[in-house]
Amino acid sequence: MIADLYKIKKSAKYGKSLVATQYIPKGTIDAFACKKCGTYSEEELAKLSKKELDFLVDHEIKGEDGLYARVCDKRMMYDNHSCNANCLSSGKGFSIVVRDIKKGEEAKADYRRYGEELHFAGGCKCGEKNCMGNSTFRPPASKKLQKFWDEEIGSALKLIPYVKQPLKRELLKEHPELGYLFNKDKR
Ligand SMILES: [Zn+2]
Ligand SMILES: [Zn+2]
């Protein structure tokens, strides 16, 4: 499930990308793998067209069990990779905005957070200072990269109770144990 804050837009660099339809502040939980999301079974994968399969492979969207994710909202498939992403997988089952996103700006995730080997044919296109370029990422992440993520995610998690959370109700319905994150007092 993804918050209704984005649209899919054509992009010269990536083909298609996920773009904010409004300002999205740091600390916003913008997506999570809900019960309607899931993973493709071997049988379902076998039925996909080559184009669909290539898309899955390109986007490296995998669930915790290593199977390709089948998302309930196709917008969840268009957040491209950046080595300096504005959205990161929090490690708590949801994605969080780690830097304010302006209206019209692309939302990007760091695919290296999914804990798998990652290499972009022709090199990463993100163009960020810390770009992995043509190298192959092999988990675990370096201490430096892990520290960078921990700081980005840690400061965003603290803002959860203070920004509008369009997914709060849906997330807590499935994950009541995350309620503490929304509580200003007991933190
Ligand atoms: Zn879902
Ligand atoms: Zn990069």
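**Notebook: a serine, an aspartate and a zinc site**

I began with Ser-11 and found it in strand β1 (residues 6–11); strands here are DSSP runs of E, at least two residues, numbered from the N terminus. A reminder to myself: this is a predicted model, where local features need pLDDT of at least 70, side-chain atom pairs count only at pLDDT 80 or more, and totals for chains, interfaces and linings use all residues. Residues are numbered from 1 along each chain as written, chains are lettered from A and ligands numbered from 1 in written order, and side-chain values use heavy atoms, without hydrogens and water.

Is Ser-11 buried or exposed? I noted it as buried, because its relative accessibility is 12% (buried is under 20%, exposed over 50%, with a 1.4 Å probe and protein chains only). Its side chain reaches the backbone nitrogen of Tyr-14 at 3.0 Å.

Next I checked Asp-30, in strand β3 (residues 29–32). Asp-30 is buried without a salt bridge, and the nearest oppositely charged side chain, Arg-75, is 11 Å away (a salt bridge needs a Lys or Arg side-chain nitrogen within 4 Å of an Asp or Glu carboxyl oxygen). Its side chain does meet that of Ser-95, at 2.7 Å.

Last, I looked at the zinc ion (ligand 1): Met-1 (N), Cys-34 (SG), Cys-37 (SG) and Cys-72 (SG) coordinate it at 2.2 to 2.4 Å. Met-1 sits in the segment before β1 and Cys-37 in the loop between β3 and β4 (38–39), 36 residues apart. Both Met-1 and Cys-37 are buried.

Key. Helices (H or I, at least four residues) and strands (E, at least two) are DSSP runs, numbered from the N terminus. Lys and Arg count as positive and Asp and Glu as negative; His and the chain ends are not counted. A polar contact is a pair of N or O atoms within 3.5 Å; within protein, one must be able to donate a hydrogen and the other to accept it, and residues adjacent in sequence count only if both atoms are side-chain atoms. Donors are N, O and S atoms within 2.8 Å of the metal (3.2 Å for Na, K and Ca); water is not among the atoms, so sites may look incomplete.
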